[in-house]
Amino acid sequence: MNLHRKGRAALVLALVAVVGMAFRVSWNALRDIAGAVGADDTAAMLYPFVVDGLMALALIATLVLADRDRTFALRVLGAYTVASLVLNYVHGLVPELHGRTVDWGRLADWDPANWALVLLATSLPVGSIYFGSDLVAKVLHHRPAPIPAESANAEESTKTEMKRSTADLPVSTPAPITPNAVALPRPVAVGFLKSTLPAKPSPSIAPAPIAPIERRAVAAESTRPRRATGRVPEAAKPTRPKRTPEQLLAEAREATADWPDAKVTGEGIRRAIHTSPANARSLRDTLLAERAATAVEVA
């Protein structure tokens, strides 16, 4: 990466050196031409910057601009290069220009050629103002297109790929997994490769048959209002007549005749003669009182 940058920097420096030397060679010719068309010493000294300087500006603009703007910058660069070449060629053909002994405004013996050369030499400064301003405006308003992430990181990713260890690279790309296929071991690092056996294929299980749901007819609820049943019929009433307290006491005495006193309880009497709990408690008290009185008389 550093070598690549150093190579670019060396190339730029070499270009600057070549352009500087070429500018110095062309200096005398353009200065003498400017003096021949009426420029004073200061203007003649600045004249080379007007022509060759705009060429350098157009060259920089071609490196920045794109599409139609770049084509325009290339045309300006080509036009001023041809103009500088013509003026240097005229300077080489007319020896009087070297010592500034030529007549003022006379660059060629043939009048039409002289008029064209004078027009060319005097129009270059005005063209430099127009074309230079236009190029600078285009460069300032230029918005470069965004560089894709892949292109921007191409060199960095290439360098990183070269520095990676072979132990970090996968052995092979795993094949796609299909149903009921043999499972392949996952790719592992070369330094940590282990022997693994492929798993057995899993047998396919047939789905159990599902019995269809049997539909049953459900009787619809009748919307007809029910008729009042009225009184309970005599046949539904209990046939056992209601017993008097004397009858209950007699039944209790008969049922508990052979019971010990500890067994004579309200619950036991209720179950024996089938009466209510209240009647059973009352009968219990009566029976226990009778037994107590009988025991006193016997004593």
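Modeller: Start with confidence. This is a predicted model, and the average pLDDT of the protein is 75. A score of at least 70 is reached by 63% of the residues.

Biologist: Which element has the lowest mean pLDDT, and which the highest?

Modeller: Helix 7, residues 154–163, has the lowest, at 51. Helix 3, residues 67–93, has the highest, at 90. Look also at residues 188–195, where pLDDT stays under 50. For that stretch the model has nine contacts beyond four places in sequence.

Biologist: Next, the fold. How many helices and strands are there?

Modeller: Count the elements, then read their order. The protein has 10 helices and zero strands. From the N terminus on, the order is α-α-α-α-α-α-α-α-α-α.

Biologist: What share of the residues is buried?

Modeller: Of the 299 residues, 18% are buried. Then ask how far apart in sequence the partners of a contact lie. Take the contacts with a separation of 6 or more: 60% of them join residues 24 or more positions apart.

Biologist: Now two helices side by side. At what angle do helix 2 and helix 3 cross?

Modeller: Angles over 145 degrees count as roughly antiparallel. Here the angle is roughly 150 degrees, and the axes come within 8 Å. Helix 2 and helix 3 are therefore roughly antiparallel. Their crossing is left-handed. Among the residues in contact are Val51, Met55 and Leu59 of helix 2, and Leu74, Leu77 and Tyr80 of helix 3. By type, this contact has 14 nonpolar, three polar and two charged residues.

Biologist: Let me zoom in on Thr62. Is Thr62 buried or exposed?

Modeller: Buried means under 20% relative accessible area. Thr62 has 6% relative accessibility, so Thr62 counts as buried. Thr62 sits in helix 2. Leaving out residues up to four places away in sequence, Thr62 touches Arg70, Ala73 and Leu74.

Biologist: And how do helix 2 and helix 5 pack?

Modeller: Angles under 35 degrees count as roughly parallel. Helix 2 (residues 41–64) and helix 5 (residues 111–140) pack at about 25 degrees, with axes 9 Å apart. The two helices are therefore roughly parallel. Helix 2 passes helix 5 in a left-handed crossing. Leu54, Leu57 and Val64 of helix 2 take part in the contact, with residues of helix 5 including Gly127, Phe131 and Leu135.

Biologist: What kinds of residue make up the contact of helix 2 with helix 5?

Modeller: There are 15 nonpolar, three polar and no charged residues in it.

Methods: Residues are numbered from 1 along each chain as its sequence is written. This is a predicted model: local features need pLDDT of at least 70, side-chain atom pairs count only at pLDDT 80 or more; totals for chains, interfaces and linings use all residues. Side-chain values use heavy atoms; hydrogens and water are left out. Axes are lines fitted to C-alpha atoms, for helices over the stretch in contact, and angles run from 0 to 180 degrees between N-to-C directions. Helices (H or I, at least four residues) and strands (E, at least two) are DSSP runs, numbered from the N terminus. Angles under 35 degrees count as roughly parallel, over 145 as roughly antiparallel, 65 to 115 as roughly perpendicular and the rest as oblique. A crossing is left-handed if the near helix is turned anticlockwise from the far one by less than a right angle, and right-handed if clockwise. Contact means heavy atoms within 4.5 Å. Ala, Val, Leu, Ile, Met, Phe, Trp, Tyr, Cys and Pro count as nonpolar, Asp, Glu, Lys and Arg as charged, and the others, Gly among them, as polar. Buried means under 20% relative accessible area, exposed over 50%, partly exposed in between (1.4 Å probe, protein chains only). pLDDT is the predictor's confidence in each residue, from 0 to 100.
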